[in-house]
Amino acid sequence: MSQDPTNSPQDDGANINRDDPMIAAEYSLGLLEGEELMAARGKLATDPDFAWRKEWWDDWFVPLTDEVAGMEPSREVWTRIAAQVNGDAASGGADVIDLQSRLKRWQWTAAITSAAAALLLAVLVISPGEVSPVPTDPDGPVLAAADPLVAQVPIGDTGLRLDVTYMPDSEQMLIGAIGLTADGVHDHELWLVPADGSALQSLGVVTPGEVIATELSEDITGNMGDGVTLVLTREPIGGKPDGEDAGPVVAEGAFSQV
Amino acid sequence: MADASTDAATIAREKLRTAMVRLADGDSAALEEIYAATRVKLFGICFRILGDRKEAEDALQDVYVNLWQRADRYDPARASPISWLATFARNRAVDRLRTGKVRGGAVPVEEANPLPDQAPLADMLLVDAEQSAQIHTCLTGLDEKTQNHIKSAFFDGYTYAELAEQADVPLGTMKSWIRRGLQKLRACLEASEVRS
């Protein structure tokens with residue numbers, strides 16, 4: 001221990017080897033932001049060793065939750081879960097409103113997991129006025145889950161644009177920012193605008209001049225769909241600082257199905 | 001005595017594992033069983049992270065609905081079901097905390113974090129007493145500051161940048177503190193795996 005090189009008085013971290021197992025720990029704990037986060041997500045999707053190591057850290061960190069006091073949630077929570085799972089339209093007004101607000105998401109969930117087709121039917125019955133790209137025949141959820149979604153986000157009148165492709169099969173997204181250059185002062189962060197009006201979801205900071213592949217979290221893939229809007233905001237380097245409002249919207253686009 | 005409680009925990013874990021497998025096979029009745037066995041622990045985690053009862057209940061709902069939608073992601077051969085569920089709940093709650101801030105700050109954590117002053121409920125499923133002891137032993141080997149930063153990342157969802165801001169140190173300093181800690185932690189945990 002006395003030979004531990006990390007005991008040096010220099011505190012610049014230069015002597016620390018940030019290897020993959022360490023990046024996996026940083027990812028597991030949620031320490032990363034911006035490009036580092038995107039890079040780690042990409043690695044997780046493509047590198048089994050990295051994915052194994054991330055789970056190794058998850059399994060070591062999770063016993064920390066044993067010191068958290070357990071709490072009893074109120075009874076309505078189960079009622080709400082059951083209503084969602086059973087698509088129970090008769091379970092009260094609040095649930096119906098809740099379901100309606102999630103309609104878009106359900107449609108996509110149903111398209112992705114055909115087991116949910118029956119539920120989808122129930123949801124459509126609740127709000128027949130909603131436009132749906134999904135057929136209502138429970139035996140034939142024919143919307144191809146594999147069809148990619150694409151969006152082009154033109155940047156002002158520069159003629160440049162972001163090309164965003166989402167592949168539902170693999171839950172991967174490609175963001176191409178070819179031709180863009182960094183100005184050294186700002187980063188640009190891409191956001192998904194969920195159709196149900198809930199909070200914007202960050203798709204990460206754009207890497208100028210490159211095409212980056214990332215795997216999306218379930219939170220985000222649940223909101224993916226035809227017509228869903230993307231906005232690009234201008235942020236300080238590293239992306240939107242937490243606790244502050246997002247910067248100005250400089251471009252926007254919408255997904256459409258190929 | 002210890003054996004009796006260990007057996008009870010093992011049985012509970014196996015029952016849960018079976019229910020998870022049934023759920024993955026499309027048996028939605030299994031969800032209620034899983035909820036009954038795990039809601040107290042998972043709600044505790046959601047509340048600890050979100051610091052607000054309403055938010056935590058929404059997060060909990062989200063956890064189980066997602067579980068039902070994608071139960072096939074759980075690999076019964078790999079992880080203990082409660083540890084997988086607790087990780088899942090923790091990650092969903094942290095995601096929620098972050099997206100909530102985008103909308104204009106739903107829950108300022110610092111304000112809304114009164115920890116419930118109560119003992120863990122007796123019937124709460126624990127992840128694993130042995131593992132729990134080991135991670136604590138290894139964390140205790142780090143200096144106290146670093147321990148707290150790592151725990152804060154885990155429970156409060158803070159990133160490097162946020163931790164640096166709170167400690168009022170440059171980002172690079174915070175990164176090197178934590179990375180040094182993670183390096184030691186890994187060595188300590190791996191050594192414990194070799195022993196066992």
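**View 1. A glutamine tucked into a helix of chain B.** Let's start with Q147(B), which sits in helix α6 of chain B. Keep in mind as you look around that this is a predicted model. Is Q147(B) buried or exposed? Its relative accessibility is 13%, and the cut-off for buried is under 20%, so Q147(B) counts as buried. Leaving aside residues up to four places away in sequence, Q147(B) touches L139(B), T140(B) and L142(B).

**View 2. Where chain B meets chain A.** Now zoom out to the contact between the two chains, which takes in 79 residues from chain B and 70 residues from chain A. The size of an interface is often given as the accessible area lost when the parts come together. Here chain B and chain A bury about 6900 Å² between them, and 58% of that is on carbon and sulfur atoms.

View 3. How many salt bridges cross between chain B and chain A? The count is 12. Take a look at R73(B) and E218(A): their side chains meet in a salt bridge, at 2.9 Å from N to O.

On the side of chain B that touches chain A, the elements giving two or more residues include α2 (29–50), α4 (81–102) and α6 (144–156) of chain B. Which element gives the most to that side? It's α8(B), with 16 residues. Sorted by class, the side of chain B that touches chain A has 33 nonpolar, 20 polar and 26 charged residues.

**View 4. Strands side by side in chain A.** Over in chain A, strand β4 (residues 186–193) and strand β7 (residues 229–236) run antiparallel, joined by eight bridges. To spot this pairing, find L190(A), which stands opposite L232(A) in β7(A). β7(A) also pairs with strand β8 (residues 249–254) of chain A, again in the antiparallel sense, over five bridges. Here you can look for L230(A), whose bridge partner in β8(A) is G253(A).

**View 5. A mostly covered helix in chain A.** Last stop: helix α1 (residues 20–29) of chain A, where nine of the 10 residues are buried. Among them are P21(A), M22(A), I23(A), E26(A) and Y27(A). What comes after α1(A)? The helix is followed by G30(A), which has a positive phi, near 85°.

Key
Residues numbered from 1 in each chain as written. Chains lettered and ligands numbered in written order. Predicted model: local features only at pLDDT ≥ 70, side-chain atom pairs only at ≥ 80, totals over all residues. Heavy atoms only, no water. Contact = heavy atoms within 4.5 Å. Buried area = accessible area lost by both parts, 1.4 Å probe. Salt bridge = Lys/Arg side-chain N within 4 Å of Asp/Glu carboxyl O. Helix = DSSP H or I, 4+ residues; strand = E, 2+ residues; numbered from the N terminus. Nonpolar A, V, L, I, M, F, W, Y, C, P; charged D, E, K, R; others polar. Buried < 20%, exposed > 50% of the residue type's maximum accessible area, 1.4 Å probe, protein only. Pairing = 2+ DSSP bridges.
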